[in-house]
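Colleague: Thanks for sitting down with me over this one. Could you walk me through what the side chains are doing?

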Amino acid sequence: MTIPSAITPGTIDVESVLPTVPTLLGPGRRVLLTTVGPDGAPHTQPVLMLADAENRCGYASLLTKATSSKVAHVRSHSRVTLAGSTPQPCWGRFSIEAKARVVEVPQALGGPSVVRIEFELLSARVWVIYSSAPRDNEVFEIPVA
């Protein structure tokens, strides 16, 4: 299997082309949200990200049905993970740890049947994958704000 990476170790300064958190969690990005279910098991599902309602650095959000399992999970356990694929030229994966909370939204946005889940971003990592060979990748911490 060939990995479609636009970079290889030593050819460029990888850290200079790492994606930023706003790129990874920007409006319209589809990512995976992992919450903790009632039995303590992880529960992962795809979600569509929105811009933070107050345009703050270090925050992201999404809208969802008030009756969704992710809302119940966040209300009982606020620590979550957002993860997904990175855009070119850094082919790889990312993982962002966050503290989530449920926020009521105005009726114009669908409330009360719709709520916003707001994420306070705590830490972020990017795995840059160079090939399909075992351990042919690098992990980078990236700033969340």
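**Salt bridges, core and a helix**

Modeller: Happy to, and let's begin with a pair of side chains: arginine 116 and glutamate 118 are both buried. Please keep in mind that this is a predicted model.

Colleague: How far apart are the closest N and O atoms of arginine 116 and glutamate 118 in their salt bridge?

Modeller: Glutamate 118 has a relative accessible area of 3%, so it falls under the 20% limit for buried residues. Arginine 116 is buried too. The two form a salt bridge, and the closest N and O atoms are separated by 3.2 Å.

Colleague: Is arginine 101 buried, partly exposed or exposed?

Modeller: The limits are under 20% for buried and over 50% for exposed. Arginine 101 has a relative accessibility of 45%, so the class that applies is partly exposed.

Colleague: How many residues apart in sequence are the parts that arginine 75 and glutamate 104 tie together?

Modeller: The side chains of arginine 75 and glutamate 104 meet in a salt bridge, 3.3 Å from N to O. Arginine 75 belongs to helix H2 (residues 69-76) and glutamate 104 to strand S5 (residues 92-104), so the separation of the tied parts is 29 residues.

Colleague: And how many salt bridges does the structure hold?

Modeller: For the structure, the count is 7.

Colleague: Let's turn to H2. Why do its buried residues line one face of the helix?

Modeller: The buried residues in H2 are Lys70, Val71, His73 and Val74. In an α-helix there are 3.6 residues a turn, so residues three or four places apart point the same way. Viewed down the axis of H2, the buried residues line one face because they fall within an arc of 165 degrees.

Colleague: Which exposed residues sit on the face of H2 turned away from its buried side?

Modeller: The buried residues of H2 pack against S1, strand S2 (42-48), S3, S4, S5 and S6. Arginine 75 has 52% relative accessibility, so it passes the 50% limit and counts as exposed. The face turned away from the buried side carries Arg75 and Ser76.

Colleague: Which element gives the largest share of the largest nonpolar core?

Modeller: This core has 32 residues, and Leu25, Met49, Leu82, Phe119 and Leu121 touch the most other members. The elements giving two or more residues are helix H1 (21-24), strand S1 (30-36), strand S3 (59-65), H2, S4, S5, S6 and strand S7 (137-142). With 7 residues, the largest share comes from S6.

Colleague: What does leucine 25 touch, leaving out residues up to four places away in sequence?

Modeller: Leucine 25 is among the residues that touch the most other core members. Beyond those sequence neighbours, its partners are Val31, Met49, Leu50, Ala60, Leu82, Phe94, Ile96 and Leu121.

Colleague: Which backbone nitrogen lies 2.8 Å from a polar atom of the side chain of threonine 86?

Modeller: Threonine 86 lies in strand S4 (residues 79-86) and counts as buried because its relative accessibility is 8%. Among its contacts beyond four places in sequence are Pro19, Leu24, Trp91 and Gly92. The backbone nitrogen at 2.8 Å is that of glycine 92.

Colleague: And proline 87: which residues does it contact beyond four places in sequence?

Modeller: Proline 87 is in the loop between S4 and S5, and its relative accessible area of 25% makes it partly exposed. Leaving aside those sequence neighbours, its contacts are Pro19, Thr23 and Leu24.

Colleague: Last one: what domain name does the UniProt annotation give for residues 30-108?

Modeller: Over residues 30-108 the chain is 10% helix and 53% strand, with the end C-alpha atoms 24 Å apart. The UniProt annotation, from an unreviewed entry, names this stretch "Pyridoxamine 5'-phosphate oxidase N-terminal".

Conventions:
Residues numbered from 1 in each chain as written. Predicted model: local features only at pLDDT ≥ 70, side-chain atom pairs only at ≥ 80, totals over all residues. Heavy atoms only, no water. Helix = DSSP H or I, 4+ residues; strand = E, 2+ residues; numbered from the N terminus. Buried < 20%, exposed > 50% of the residue type's maximum accessible area, 1.4 Å probe, protein only. Polar contact = N/O pair within 3.5 Å; in protein donor to acceptor, adjacent residues only side chain to side chain. Contact = heavy atoms within 4.5 Å. Salt bridge = Lys/Arg side-chain N within 4 Å of Asp/Glu carboxyl O. Core = buried A, V, L, I, M, F, W, Y, C linked by side-chain atoms within 4.5 Å. UniProt positions renumbered as here; feature names shortened; annotations may be inferred. Arc of directions from axis to C-beta.
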